[in-house]
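Colleague: Could you take me through one part of this model at close range? I'd enjoy a strand-by-strand look.

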Amino acid sequence: MSVIEVKELRRSFGSVVAVDGVSFKVEKGQVLGLLGPNGAGKTTAMRMLACFITPDSGTASVCGYDILKNPIEVRRSLGYLAENSPAYPEMTVGGFLDFVCDVRQIKGADRKRALDRIVPMCSIDSVYHQTIETLSKGYKRRVGLAQALIHDPEVLILDEPTDGLDPNQKFEVRKLIAKMGKDKCIIVSTHILDEVDAVCSRTIIIARGRVLVDSTPAQLKAEHGCGLDAVFRRITKADGSKDAKTN
Amino acid sequence: MNSLMAVFKRELKSYFTTPLAYVFLVIFLFFAGYLTFKEGFYEMRQADMRTFFMNLPLLFVFMVPSAAMRLWAEERKVGSIELLFTLPITIRQAVLGKFFAAWLFLAIALSLTFPMVITVCYLGDPDIGLIITGYIGSLLMAGGFLAIGCFFSAVSKNQVISFVLSVVACAVFVFAGMPTTLNYLSSFMPAGLVAAVEGMSFQIHFDSMQRGVLEFKDLAYFVLIIVGWIAACTIILDERKAA
């Protein structure tokens, strides 16, 4: 059984079909890059996997737990970084991480060890006692990453993890994802195609809620004979014009 | 510490790390005291807290929604609801954690009216049992208003809209039991229906507790109101959390 198995997930918001029958599997040691234009359904798919929203149909499992039947166990097994790195603005970074540890029941010496590991890893030592509302976008994202990693989960779902980071921080986070990718199962959604090249062992291109391509970055470049940027444009534009012809 | 306690602790702390708690407490305590003396505390020439308790329903109509409006509206607006419901915590645990934190905050506000108790004890020989049942009734009534406030906070991302809707709903529950309303209703409704409306209002159950009578039906009324509105809040949150 794969660590993440997604079967025909569908989700609509009113008349808008956000995710339209998405299926894929991800194994341990893989870093899957979810690519797609804006409104493709990447965030909706990730939110369903993180059990924030329920699918209209289809199912998925994370570490063997069904997202519909065992959402709490799914959330226990994964670390999720949402698109805007939400947190509580009035809390300090330390207070916020303490809250996450409380909810995840990381106590005593385990908590101290987790914080000692995660704070330098995400480079948030200098802002540990600062309130979150006073942090820059980049630091907020690092705090978001810290709460996703603090319990050392088997699965990570990261929605645009390097958005807003400066080039040095982007490099550090990509290095971290690549390192963790060796023994975790990671899904990263991104618009930055360099990131896919640098970090991802697999790529899925989604548009209009459907999987267009499930391949690896190297294979895609070899098949199309061009960079990922051009591959992305070709595939998503082709899908767009196919729809226009059908309509 | 389980997830409910984690949310409870976080929420209670957040009241006091922002100016909200202090502004609320000052305004609440000022008006609780002011209305007590304005309504003729000295003129009554009796050492009891009747004038204090009789103003609480109307004071709560405005004050409790102001404490409740941020509970869920702010989470949805800031986006932290997505963080909360991707942690291993159920909606029920989160709703109860926030509700109990806000209720404890209101209990703290009520307990800070202790100078009133000291005043009546100094001035005369009050019936302590009446004072205790009055406070129990006040706390339960605050819980009822708070449950209504929680629901409307989950309905809208905008705190002002949540506040206004909560105030209107709470006012309906209070005014339904007022003599003027019941007199008006009895001009076109059968007596049984008027009695039913009166039974649904907070006023009659609170009045009963103020008189020192702790009946099961009054306790059950407030518990049912709280359970009902909290359950509704849980349902509406599940529908709207991603909106």
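Modeller: **A strand and its partners**

In S10(A), A:Thr203 has A:Ser215 as its bridge partner. This is a predicted model, in which local features need pLDDT of at least 70, side-chain atom pairs count only at pLDDT 80 or more, and totals for chains, interfaces and linings use all residues. Residues are numbered from 1 along each chain as its sequence is written, while chains are lettered from A and ligands numbered from 1 in the order in which they are written.

A:Thr203 belongs to S9(A), and five bridges join S9(A) to strand S10 (residues 210–215) of chain A, the two running antiparallel. Strands here are DSSP runs of E with at least two residues, numbered from the N terminus, and two of them pair if DSSP finds at least two bridges between them. S9(A) and S10(A) make a hairpin with two residues between them, and in that turn A:Arg208 has a positive phi of about 50 degrees.

There is another partner to visit: strand S3 (residues 31–35) of chain A is joined to S9(A) by four bridges, and this pair runs parallel. Here A:Gly33 stands opposite A:Thr203.

Technical notes
A residue is buried if 20 or more other C-beta atoms lie within 10 Å of its own, exposed if 12 or fewer, and partly exposed in between; C-beta atoms are placed from the backbone.
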